[in-house]
Every structure is written in structure tokens, then in C-alpha cells.
Amino acid sequence: MSKGVTLGQQNNQFNLWSTCQDYYELTKPKVVLLLLLTALVGMCLASESWVSWQIFTAGLIGIGFLSSAAAVVNHVVDRKIDGKMARTFNRPVVKGKVSPRKALVFAACLTVIGYVILELWVNRLTALLTLAGLLGYAVVYTMYLKRATPQNIVIGGLAGAIPPLLGWTSVTGEIHAHALLLVLIVFVWTPPHFWALAIHREKDYAKAQVPMLPVTHGIEFTKTSILLYTVLLCVVCLLPYLIAMTGLIYLVGSTVLNAGFLYYAWKLKFTASETTAMQTFKFSIIHLMVLFVVLLVDHYFRFYI
């Protein structure tokens with residue numbers, strides 16, 4: 001009897017852990033962590049001193065919760081598309097591990113909690129901008145743009161580009177040109193980042209009838225677009241130094257990173273192998289992560305060294 005109870009308890013614990021993992025997966029944690037990194041850098045660059053722990057903690061939690069809610073809605077809305085693609089067919093909603101209704105309730109709870117945290121412990125501007133970002137990604141991009149135009153990721157990319165602005169407004173309570181420049185960097189970075197993945201998964205998107213650029217305009221056109229956007233990104237990444245927002249550390253770091261991205265984009269266009277698109281996609285993630293870390297290092301070096 002005791003063994004039966006013990007086994008039953010172990011099964012319950014396993015089921016609870018498995019359920020928690022499913023809900024955690026719905027939030028797209030790796031994507032949200034990258035967004036939070038850019039928000040954190042926005043916070044730090046907005047202040048010449050250390051950010052208060054209240055703003056730092058409440059800001060990141062609130063932004064994280066609302067970003068996670070948008071990801072959950074994306075899982076629900078895209079469940080039919082996800083079921084047709086090799087990259088996403090095993091997601092919790094597709095597999096029936098979490099019902100659409102429960103997922104939406106989870107998203108609603110994350111939204112309410114995240115908004116209240118930002119409203120009460122950060123400021124209303126940040127709360128409203130973060131909510132607008134959620135609606136932009138979950139409604140405008142996921143429900144409409146993704147299915148309507150091959151420029152979906154260009155237009156809809158603005159929602160994913162605003163976290164640096166959210167971090168900035170968390171500290172200052174106002175929108176600043178420097179924060180908008182950080183948004184511009186992420187905005188221009190998004191198309192070459194995502195189109196590289198779209199090339200790698202072109203057959204999946206075609207099967208799911210999603211009008212991604214490689215499906216509607218062909219892979220070669222998409223490769224050219226990636227190269228041109230990468231060149232534009234290199235130019236945009238110079239602007240923080242040119243307007244004296246950053247110093248020499250950022251100039252050197254961003255130049256090296258942009259040269260790496262440009263190398264992959266050039267290789268993808270002219271000497272690509274079967275793995276080049278995915279290599280470009282993976283490097284683009286490293287590029288953005290390290291670029292914002294370099295921004296952070298440059299900022300504190302200039303003010304404290």
C-alpha cells in the first residue's frame with residue numbers, strides 16, 4: 001500500500017513538473033530572455049548611475065510577463081500552422097498538452113499581473129507601451145500580418161524591437177531619441193535574422209501556406225534582401241557612436257560584430273551551403289546579444305572608469 005501511494009505521489013509530481021514545463025515552453029523563454037537583455041540595457045543607458053532595485057526588478061518582471069503573454073497567444077493562434085511545420089509540430093498546444101482555452105487564461109493572467117506591476121511600481125507610460133507591444137505582436141503580427149504579406153516580419157518587427165525603449169522609459173518616464181535609436185537597431189536587425197531562418201524552413205512555410213519572403217519571392221531574392229538589410233544594419237549600428245551616445249569600446253565591438261554578420265550574409269548570397277542559412281540565423285542571435293552587452297560595457301566604462 002505504501003509503495004502504491006509512493007508511486008502515485010511520484011506520478012503526480014512528474015505530471016505536475018511536466019505540466020509546468022509545458023506552460024513554461026508556451027512563454028518562449030529564450031526569446032523573452034533576449035528581449036529582457038535589450039530592455040535591461042535600455043534601463044542602464046538611461047541613467048548615469050545604478051538603476052534602483054525597484055525599477056530594475058519590477059520593470060524586468062512586468063516586461064517579461066507581458067512579453068510571455070504575447071508568446072502564449074502566438075502559440076494558440078498559430079497552432080494549425082505549427083502543426084504543419086517540423087520546427088513547431090511538437091509545441092504544447094499543438095500536441096494537446098495544454099488546451100487553447102487554458103493557454104489563453106494563462107496569457108490573460110500574465111498580462112494582468114505584468115501590467116499591474118508596471119503600473120504600480122514602474123510608471124504608466126512603460127505599462128501602456130508594453131501592452132501596446134503585446135497587442136502589436138499577438139494581434140497585429142500574429143493574427144493579421146503573418147498571413148497577409150511577405151513583409152510581415154518587417155512591419156511586425158517593431159513590436160519585438162521596443163524592449164530597449166521600455167527599459168529606458170522604466171527609468172526616465174519619458175521617450176528619448178537615444179532609446180528610439182536602440183529600437184531602430186533591433187528593428188533593422190530583425191528581417192535578416194528571421195529571413196535566414198525562413199530560408200532554412202522555406203518548405204515548411206510553403207506547406208503551411210505562410211507568405212514568408214522565401215515562399216513568395218524566392219530564396220535568391222530573400223538572400224539579396226538579407227545582404228542589403230545587413231549593410232543597412234551596419235550603418236545604423238554606427239549611429240550611436242556618431243552622435244556621441246557611445247564611445248570607442250562600442251565602436252570597436254559593433255564593427256567586429258557587424259563584420260561577422262556581413263560575412264555570413266555575403267556567404268549566404270554567393271557561396272552558400274545547406275547549413276549557411278541556419279549558421280546565419282544563429283550568428284544573428286549572438287550578434288544582438290553581444291552588441292547590447294558591448295553597449296552596456298561601453299556605458300559603464302565611460303562613466304565609472
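Which residue forms a salt bridge with Glu220, and how far apart are the closest N and O atoms? The partner is Lys223, with the closest N and O atoms 3.5 Å apart.

## Basis

This is a predicted model: local features need pLDDT of at least 70, side-chain atom pairs count only at pLDDT 80 or more, and totals for chains, interfaces and linings use all residues. Residues are numbered from 1 along each chain as its sequence is written, and side-chain values use heavy atoms, leaving out hydrogens and water.

## Salt bridges

The structure has seven salt bridges (a side-chain nitrogen of Lys or Arg within 4 Å of a carboxyl oxygen of Asp or Glu). Glu220 and Lys223 sit three residues apart in helix H13 (residues 219-242), so about one helical turn separates them. Helices here are DSSP runs of H or I, at least four residues long, numbered from the N terminus. Glu220 is partly exposed at 44% relative accessible area. Lys223 is buried at 11%. Buried means under 20% relative accessible area, exposed over 50%, and partly exposed in between (1.4 Å probe, protein chains only).

Salt bridges with shared partners also join Asp78, Lys146 and Arg147 into one network. Within it, Lys146 meets Asp78 at 2.6 Å, N to O. This pair links distant parts of the chain, 68 residues apart. Lys146 lies in helix H7 (residues 124-148), and Asp78 in the loop between helix H3 (53-77) and H4. Lys146 is buried, with a relative accessible area of 9%. Asp78 is buried too, at 0%.

Asp204 bridges to Arg201, with the closest N and O atoms 3.8 Å apart. Asp204 is buried at 14%, while Arg201 is partly exposed at 24%.

## Aromatic pairs

There are nine aromatic pairs. Rings of Phe, Tyr and Trp (its six-membered ring) pair if their centres lie within 6.5 Å; planes under 30 degrees apart are stacked, over 60 edge-to-face, and the rest tilted. Phe261 and Phe283 have ring centres 6.3 Å apart and planes at 70°, so they pair edge-to-face. Phe261 lies in helix H14 (residues 248-270) and Phe283 in helix H15 (residues 276-304), so the pair ties together parts 22 residues apart in sequence.

Phe261 is buried at 0% relative accessible area, and Phe283 is buried at 16%.

Key
Helix = DSSP H or I, 4+ residues; strand = E, 2+ residues; numbered from the N terminus.
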